[in-house]
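Student: I would like a close look at one part of this model, the place where two chains meet. Please go through it slowly.

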Protein chains: 2
Amino acid sequence: MSKWDDPLTSVLRGENLKTPPLWFMRQAGRYLPEYRAVRAKHQSFVEFCLHPEDAADVTLQPIRRFDMDAAILFADILLIPHALGQGVRFVTGEGPLLEPVVTDELLRRLDPTRVGEILAPVCETVERVREALPREKALIGFAGAPWTVATYMINGQGSKDPAATRRLVYSDPEMIDQLMAMLVDATSDYLIAQAKAGANALKLFDSWAGGLPEDLFRRLCLAPSIEIAKRVRAAADVPILYFPKGAGPLYSLAARADAFNGLAIDHALPVGWAREALGAAKALQGGLDPLLVVQGGPAMEHAAKTLLETFEDRPYIFNCGHGFVPETPPEHVAELVRIVRSH
Amino acid sequence: MSKWDDPLTSVLRGENLKTPPLWFMRQAGRYLPEYRAVRAKHQSFVEFCLHPEDAADVTLQPIRRFDMDAAILFADILLIPHALGQGVRFVTGEGPLLEPVVTDELLRRLDPTRVGEILAPVCETVERVREALPREKALIGFAGAPWTVATYMINGQGSKDPAATRRLVYSDPEMIDQLMAMLVDATSDYLIAQAKAGANALKLFDSWAGGLPEDLFRRLCLAPSIEIAKRVRAAADVPILYFPKGAGPLYSLAARADAFNGLAIDHALPVGWAREALGAAKALQGGLDPLLVVQGGPAMEHAAKTLLETFEDRPYIFNCGHGFVPETPPEHVAELVRIVRSH
């Protein structure tokens, strides 16, 4: 046992554990039959996220089944737009869809005053999970980073190249700055509330950080995420992970930011490059292609061992470079856990 | 005038010109009224691509209007699947759609024997354009790189994360290897035919090179593209540009491949990193965010000058990091040409 309470936060605070802690993005998700059973009780995905009893239940499912080292709060990055007043619906197989808005009207339609109240059930979920978890298991809270959330809000949905948002950055920088400022405020408060409710670590998902010119990455991904991390750490003693998915060589800028305790890496980031370019002190997390877990077998084992060997001399948390997909066989997940723990 | 016939191929052969040659991806495209007028004559996009008189006409339009240093053949990377027998249709606003196929049946349905015959009109377009162009203007031929074309063939269309194809790489590597081998053959022959018809340089578009783990990038993007480049250069003396869009730090592997004379970079690749990591000898091309050309004004000028200054001590070709979008005002393109030429 490390000097902190659990392996995950120990690693995020700079400790190098012989067997890295492990958890997985979307470890509570559609690939699990017990998840699908609870999901079926709710027509609306948002309603499900805001139902503390059921959200806590699915958060704990992968801990019960696989004994993961950390639970991640069951919620969604689009709860912030929902709480700001932009309608969200989730269509099976298509992912989240936000109510389309005329961008000129977006700011006028959002109401930042009720976010805490609307998202209070999420904090109740955190409390319930923390109470149910043993001390050596971390609970990770999370939110979307402002650029990623803004991209969804403006596009109405995910997109391979969030060009509509980037276009607006050039044509109406003031509107973007106001939206980003609103998201920084709401997200900081939301994460502070999660920490106060018992989250042991927090993760900021910047899923649309890829494809941006360097100056926009600095201004729209890095700066607001650092600001949030600073505010949160001033209010609560929790380590913070940042996940600028797809940022490529720009990961090196995030690695220099003291506000983050760790960086989550995607599966396209070359691990040799990451080891050299991202410093040895900051914790790294992830890197395995989640489609290898669909496949299982020797290819999955080989890739997992490569990650473990590449990062054995630094603080490292085992995870994929993206969330589990619904086709993932749970027995491959169990096998992966055995591979990591027996390495 | 350089020792070769035109500025573009001079730079690709290693010369550093004081004023870099310039051309733009999709410089012949929907943003030009004269293009839309010719496009309107054809119901089918494939038929348009295979109509030498009209394809040659639109290829030459941006040279007439903006005096670009190079024309790029008007064609599409999906002509290869079309010529192999997979139906292609283009839906306005949605991009190309391929006839969906059951992947088990894909290989059986493809016929590689008629590609040369079906794509002969493209070579006639090349001949017509080369005849019409002055000697100091280069004509660039092109094709899609095998991974990118395979991704379209399997997905049926572009996708933000070509997961279906990657999934197949893990589950059915033999099928993927056979498809890639067929694409390497067809693409090499097609590019050799373009070179023999008069193309002065060739570009391989690997638009879906991003998001791949390093081992898959080496195997599916780099190796087949190098093989094509070698075959083409053994048959014809033309320089070859490779565009592994979104490859991030993996661009450094492509920079080490002697088979490529130059690399096209996307707008998300940090230019400082590119200057340091990609060697000083190989030509680079591109990097400007095409949405800045939609915006125009000081932001476009500043970004263009940053590129010109960053790459002034190496062979460099001015271009964007992606194609012009239909909303691009032609007068901003004219302004950009002035900025680059007067730098």
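**Where chain B meets chain A**

Tutor: Two salt bridges are counted between chain B and chain A in this predicted model. One salt bridge joins the side chains of B:R166 and A:D289, with 2.7 Å from N to O. Three helices of chain B, α10 (163–171), α14 (271–277) and α15 (290–295), each supply at least two residues of the side that touches chain A. Of the elements on that side, α10(B) gives the most, with five residues. Sorted by class, the side of chain B that touches chain A holds 15 nonpolar, six polar and five charged residues.

Next come the totals for the contact. Chain B brings 26 residues to it, and chain A brings 26 residues. The area buried between chain B and chain A is about 2,300 Å², and carbon and sulfur atoms give 62% of that area. On the side of chain B, 24% of the area buried against chain A comes from B:Y170, B:P249 and B:L291, more than from any other three residues. Polar contacts between chain B and chain A are also counted: there are 10 residue pairs, with both residues at pLDDT 80 or more.

B:P249 leads on to a residue within chain B. The backbone oxygen of B:P249 is reached by the side chain of B:S252 at 2.8 Å. B:S252 lies in helix α13 (residues 251–255) of chain B. Is B:S252 buried or exposed? Its relative accessibility is 15%, so B:S252 counts as buried, because the cut-off for buried is under 20%. Leaving out residues up to four places away in sequence, B:S252 touches B:W273, B:A277 and B:L278.

Another helix of chain B can be read with the same cut-off. In helix α9 (residues 146–155) of chain B, nine of the 10 residues are buried, so this helix is largely enclosed by the rest of the structure. Among the buried residues of α9(B) are B:W147, B:Y152 and B:M153. After α9(B) comes B:G156, with a positive phi near 85 degrees.

Helix α17 (residues 330–341) of chain A has 12 residues and reaches 17 Å from its first C-alpha to its last, close to the expected 16 Å. Its buried residues include A:H332, A:V333, A:L336 and A:V340. An α-helix has 3.6 residues a turn, so residues three or four places apart point the same way. The buried residues of α17(A) pack against α2 (33–39), α4 (52–66), α15 (290–295) and α16 (297–310) of chain A.

Note on methods:
Residues are numbered from 1 along each chain as its sequence is written. Chains are lettered from A and ligands numbered from 1 in the order in which they are written. This is a predicted model: local features need pLDDT of at least 70, side-chain atom pairs count only at pLDDT 80 or more; totals for chains, interfaces and linings use all residues. Side-chain values use heavy atoms; hydrogens and water are left out. Helices (H or I, at least four residues) and strands (E, at least two) are DSSP runs, numbered from the N terminus. The expected span of a helix is 1.5 Å times one less than its number of residues. Buried means under 20% relative accessible area, exposed over 50%, partly exposed in between (1.4 Å probe, protein chains only). Contact means heavy atoms within 4.5 Å. Buried area is the accessible area (1.4 Å probe) that two parts lose on being put together, summed over both. A salt bridge is a side-chain nitrogen of Lys or Arg within 4 Å of a carboxyl oxygen of Asp or Glu. A polar contact is a pair of N or O atoms within 3.5 Å; within protein, one must be able to donate a hydrogen and the other to accept it, and residues adjacent in sequence count only if both atoms are side-chain atoms. Ala, Val, Leu, Ile, Met, Phe, Trp, Tyr, Cys and Pro count as nonpolar, Asp, Glu, Lys and Arg as charged, and the others, Gly among them, as polar.
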